[in-house]
Amino acid sequence: MNKKGTLFVITGPSGAGKGTVLKQVIQSLEGLYFSVSATTRKPREGEVDGVHYHFLTKERFEELIEKDRFLEYARYAENYYGTPLDPVEEHLEQGHDVILEIELQGALQVKKRLPKAVLVFIAPPSFEELENRLRGRGTETEEVICKRLAIARQECANMDEFRFIVVNDKVEDAADRLRAIILSCRCLRENLGFTLN
Ligand code: ADP
Ligand code: 5GP
């Protein structure tokens, strides 16, 4: 059977713990390809070009937009972020499940373009906890933290757009729930093309 992979879109406010939860899930499940996004933001300490992101100049990013090389892209807190189209298409064709970790505007673009994509929202247990996690991570300036918290309110107000919601209370529990979603989608009859004659 030559079946295509499923596209999973993981969204949630900055600091909710998307990266932390996904790391656990990706390490423990076979057949998942994590899409490496492109961005114009500066690398954080320890981030490696081509591994965490493709770090691009604004000019290069806009050139790729012109050439239609993104599945989706958005401006977020004054930088561009986008999903390179080719690797996603290739992996889905090969039957691998693909994970995108992207913000709200991009998730809504994917939903429109590929309605079969599975949208999952990772929510913090409370707004107060989100603020603590974002500050505790220590990777952003106070100005950027405030911008991200303002965007977080809009993102949480759009939770209804998502088929699944995973509250990241404890990392292990949230990872279990996300794994369960992925494994369940792998068993959907339409994904298996299953018929008995
Ligand atoms: P995101 O990718 O959504 O921006 P991160 O994965 O970077 O978020 O997590 C933000 C911060 O919160 C990190 O310092 C991380 O260690 C911490 N964190 C993530 N999940 C939890 C959790 N369930 N409980 C407590 N802290 C968490
Ligand atoms: P960060 O700067 O914290 O790495 O990411 C900021 C936000 O951009 C996060 O919500 C993250 O999910 C989102 N993001 C990362 N890659 C992409 C992408 O390719 N497209 C879109 N639309 N958002 C992305």
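# Chat about a predicted model

Biologist: Let's start with Tyr76. Is Tyr76 buried or exposed?
Modeller: Tyr76 counts as buried, because its relative accessibility is 7%, under the 20% cut-off. Bear in mind that this is a predicted model.

Biologist: Where does Tyr76 sit?
Modeller: Tyr76 belongs to strand β5.

Biologist: And which residues is Tyr76 in contact with, leaving aside neighbours within four places in sequence?
Modeller: Those contacts are Ser14, Tyr81, Glu103, Arg148, Ile151 and Glu155. Ring pairs also put Tyr76 in a cluster with Tyr53, Phe55 and Tyr81.

Biologist: What separates the C-alpha atoms of Tyr76 and Cys156?
Modeller: They are separated by 15 Å, and the two residues lie 80 residues apart along the chain.

Biologist: Back to β5. Which sheet has β5 in it?
Modeller: An open sheet of four strands, ordered β4-β3-β6-β5, with mixed pairing. β4 (54-55) and β5 (70-76) are the edge strands; each has a single partner strand, so one side of each is left without a neighbour in the sheet.

Biologist: How do β3 and β4 run?
Modeller: Strand β3 (residues 38-39) and β4 run parallel, joined by two bridges. Ala38 stands opposite His54 of β4.

Biologist: What holds strands together in general?
Modeller: Strands of a sheet pair through backbone hydrogen bonds, in either a parallel or an antiparallel way.

Biologist: What about the loops on either side of β5? Where is Asp68?
Modeller: Asp68 is in the loop between α2 (58-66) and β5. Its phi is near 60°, a positive value in a residue other than glycine. Asp68 counts as exposed, because its relative accessibility is 51%, over the 50% cut-off.

Biologist: And where is Ala77?
Modeller: Ala77 lies in the loop between β5 and β6 (79-84). Ala77 has a positive phi too, about 45°, although it is not a glycine.

Biologist: Switching to aromatics. How many aromatic pairs are there?
Modeller: The count comes to nine aromatic pairs. One of them joins Phe61 and Phe70: the ring centres are 4.5 Å apart and the planes are at 20°, so the pair is stacked, since planes under 30 degrees apart count that way. Both Phe61 and Phe70 are buried.

Biologist: What sort of pair do Tyr73 and Tyr80 form?
Modeller: Tyr73 and Tyr80 form an edge-to-face pair, 6.3 Å centre to centre, with 65° between the planes. Tyr73 is partly exposed at 32% relative accessibility, whereas Tyr80 is buried at 10%.

Biologist: What sits over the ring of Tyr80?
Modeller: The charged end of Arg75 does, 4.6 Å from the ring centre. Elsewhere, the charged end of Arg153 sits over the ring of Phe127, 3.7 Å from its centre.

Biologist: Now the five-stranded sheet. What is the strand order?
Modeller: The order is β2-β7-β1-β8-β9, in an open sheet with parallel pairing. β2 (32-34) and β9 (164-167) stand at the edges with a single partner strand each, so one side of each has no neighbour in the sheet. On average, neighbouring strands of this sheet are turned by 25° against each other, direction ignored.

Biologist: How many bridges pair β1 and β7?
Modeller: Four bridges, in the parallel sense, with β7 covering residues 97-101. Ile10 has Glu101 in β7 as its bridge partner.

Biologist: Last topic, the largest nonpolar core. Which residues touch the most other members?
Modeller: Ile10, Val25, Ile99, Val120, Leu178 and Ile182, out of 24 residues in that core. At least two core residues each come from β1 (7-11), α1 (18-28), β8 (118-123), α5 (127-137), α6 (142-157) and α7 (171-186). The largest share, six residues, comes from α7. Apart from this core lies another, of 18 residues, including Tyr33, Val88, Ala107 and Phe121.

Biologist: And what does Ile99 touch?
Modeller: Not counting residues up to four places away in sequence, Ile99 touches Phe8, Ile10, Leu22, Leu32, Tyr33, Phe34, Ser35 and Ile182.

Technical notes. Residues are numbered from 1 along each chain as its sequence is written. Chains are lettered from A and ligands numbered from 1 in the order in which they are written. This is a predicted model: local features need pLDDT of at least 70, side-chain atom pairs count only at pLDDT 80 or more; totals for chains, interfaces and linings use all residues. Side-chain values use heavy atoms; hydrogens and water are left out. A nonpolar core is a set of buried Ala, Val, Leu, Ile, Met, Phe, Trp, Tyr and Cys residues joined through side-chain atoms within 4.5 Å. Buried means under 20% relative accessible area, exposed over 50%, partly exposed in between (1.4 Å probe, protein chains only). Contact means heavy atoms within 4.5 Å. Two strands pair if DSSP finds at least two bridges between them. Axes are lines fitted to C-alpha atoms, for helices over the stretch in contact, and angles run from 0 to 180 degrees between N-to-C directions. Rings of Phe, Tyr and Trp (its six-membered ring) pair if their centres lie within 6.5 Å; planes under 30 degrees apart count as stacked, over 60 as edge-to-face and the rest as tilted. A charge sits over a ring if NZ of Lys or CZ of Arg is within 6 Å of the ring centre and within 35 degrees of the ring normal.
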